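Here's a quick tour of the charge pairs in this one. Have a look first, then read on.

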Amino acid sequence: MPAMSPTMTEGGISSWKKAEGETFAPGDVLVEIETDKATMDVEAQDEGVLIKIIVGDGSKAIPVGTSVAILGEEGDTADAAAIEKLLAEDGAAAPEAKKEEAPAPKEEAAPAPTSAPAAPKAESSQPSGERSIIFASPVAKRLALERGIPLGQIKGSGPNGRIIKADIDSYKPAAAAASAPAPAAAAAKAPSASSSSAAPAPAGAAYTDTPVSNMRRVIASRLTESKSGTPHYYLTVEVNMDRVAKLREVFNSAAKAAEAAGGVKDGVKGGVKLSVNDFIVKASALALQDVPEANSGWHGDFIRHYHTQDISIAVATPNGLITPIVTNAGAKGLATISAQTKALAAKARDGKLKPEEYQGGSFTISNLGMMGIESFTAIVNPPQSCILAIGATEKKLVLDPESERGFKEVSVMKATMSCDHRVVDGAVGARWMKAFKSYLESPLSFML
C-alpha cells in the first residue's frame, strides 16, 4: 500500500484496473487507491505483468507498506507454492489474515457452547483430534472464509500438514454435510465483503447497512474532534448583493460577446462565466489581507500566521466533503479564480485531486446558497481558525426614504462565520466581517 500523502497511514483498494496475468506499460493505471480524502490512481513506473492480487477490490483500512500485489517481468510465472513462500517470507498478508481470521471460529464453534474467548480456536469441526491448532496459509484462510469452508475438515498437503490454496480449491464437502455449511457460508461471506462490521439487514428490515469508507471515517473523526475541542463562536451579516449581480451580468455579457466575436473583445476574453461564489472568494481573500489576524491557524504550541490567502472551497462528492484550495486568491483576478474553482471542483467530484490541491489552506468557504439554504453554521476545519458559511441570495423589502413608496426591493445574502476563539477574538472576527461585507457591496473595489 503506497503512501499517497505525507499524513496517510492506511488506505483502501477501490478497484484494480489490471487483472492477474495482464501486462502493463509505464503510465498504465494499475489500481485506484482510496485515501482519507480522495480516490487516486497508481500508475506503473516500468513495464511488467501483474502476477498476483493479494488484496482485492473493496478492501479497507490497509496499513501503508502492506503488500497488495505481486508484480514481475513479462514472461514471469509463479505457481501457488511459490506465491505462498513469497507471502510467508514477506509477511504481506499478515494484516489481512488478522482481519479475516477472527470471523472463522464463529462458524466452527457455533454448535458448541463457549465459556471463554480463546475456546473457539481450540474447538474445531475437524474429524479427528490429531491437532488442536489449524495451520493454514493466509490465502487459504481467506478463500475458506469467502467460500464458507470449515478448515477443520481439510487435511493440509503443505509442510507439516499446513493447509494451502490447492487444498481449498480441491475441497469437496461430504454429501451428508452438504446442507449444513450453507448458513455458515452465508455468515462468512458477509464480513469478507468488507472489513466493516456492517451486517446485512434481516429479512423484511427497512434499512441497509453501508460500510464506512476511509474518507468518511476521517471526516467523522476530524469534525467530531473540531466540534468538541474547538471553542466556536459565530458572526452573521446580511450583504446587499445588488451591485455584485449587476457587475456579474456585465462581465458575463461581455465574455459572451467576446466569444461570439472569436475570442477577445474590448479586452474581455470569451468563455468566462463568473459565479457569485467567485466574488465571494475574492472578497474573502481581500478581507484577509485587511485583517490578517483571521488568516491564522492553531497549532497547539504556536499560532501560524499565513502570508497568502489560500482559500479552501468545500465541495460535496459522492464519498463525502473535500476542500480543494484556490491558492493566493488575493493576488488573482475573478476570471482566474473562476477557472481554477471549476477545474478543482470537477477533479474533486471525480476523485482525481492531488494531495497538494486539497491539503493546507488558510480559510474555508462553504456555500449552500445554490441549494436554497437561507443560512447555516459550519464547523471549523482545523488547524484553520475560520470558516465562512454562505446562504442563498433572496429578495427583501427595505426602507428607502428617497423612494416615492418609501421602500425598495434589494437582494440580500446571509453570511455566517464560525471562528476558533483561541485564535480569532470576537472583535477581530467582527472587523473581518465588516471588510468582507464592504467589498461585496462595492465590488468595483476589486479592480482598484
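Is E32 buried or exposed? E32 comes out buried, at 15% relative accessibility (buried means under 20% relative accessible area, exposed over 50%, partly exposed in between, with a 1.4 Å probe and protein chains only). Keep in mind that this is a predicted model, where local features need pLDDT of at least 70, side-chain atom pairs count only at pLDDT 80 or more, and totals for chains, interfaces and linings use all residues. Residues are numbered from 1 along each chain as its sequence is written, and side-chain values use heavy atoms, with hydrogens and water left out.

- K17 sits in the loop between β1 (10–16) and β2 (23–24) and E32 in strand β3 (residues 29–34), so the pair ties together parts 15 residues apart in sequence (helices, H or I with at least four residues, and strands, E with at least two, are DSSP runs numbered from the N terminus).
- K17 is partly exposed, at 41%.
- K352 joins K17 and E32 in a network of salt bridges.

- E293 and R431 form a salt bridge, with their closest N and O atoms 3.5 Å apart.
- E293 is in the loop between α10 (276–290) and β11 (296–298), while R431 is in helix α12 (residues 426–441), so this pair ties together parts 138 residues apart in sequence.

- D420 bridges to R422 at 2.8 Å between the closest N and O atoms.
- D420 is buried at 1% relative accessibility, whereas R422 is partly exposed at 32%.

How values were computed:
Salt bridge = Lys/Arg side-chain N within 4 Å of Asp/Glu carboxyl O.
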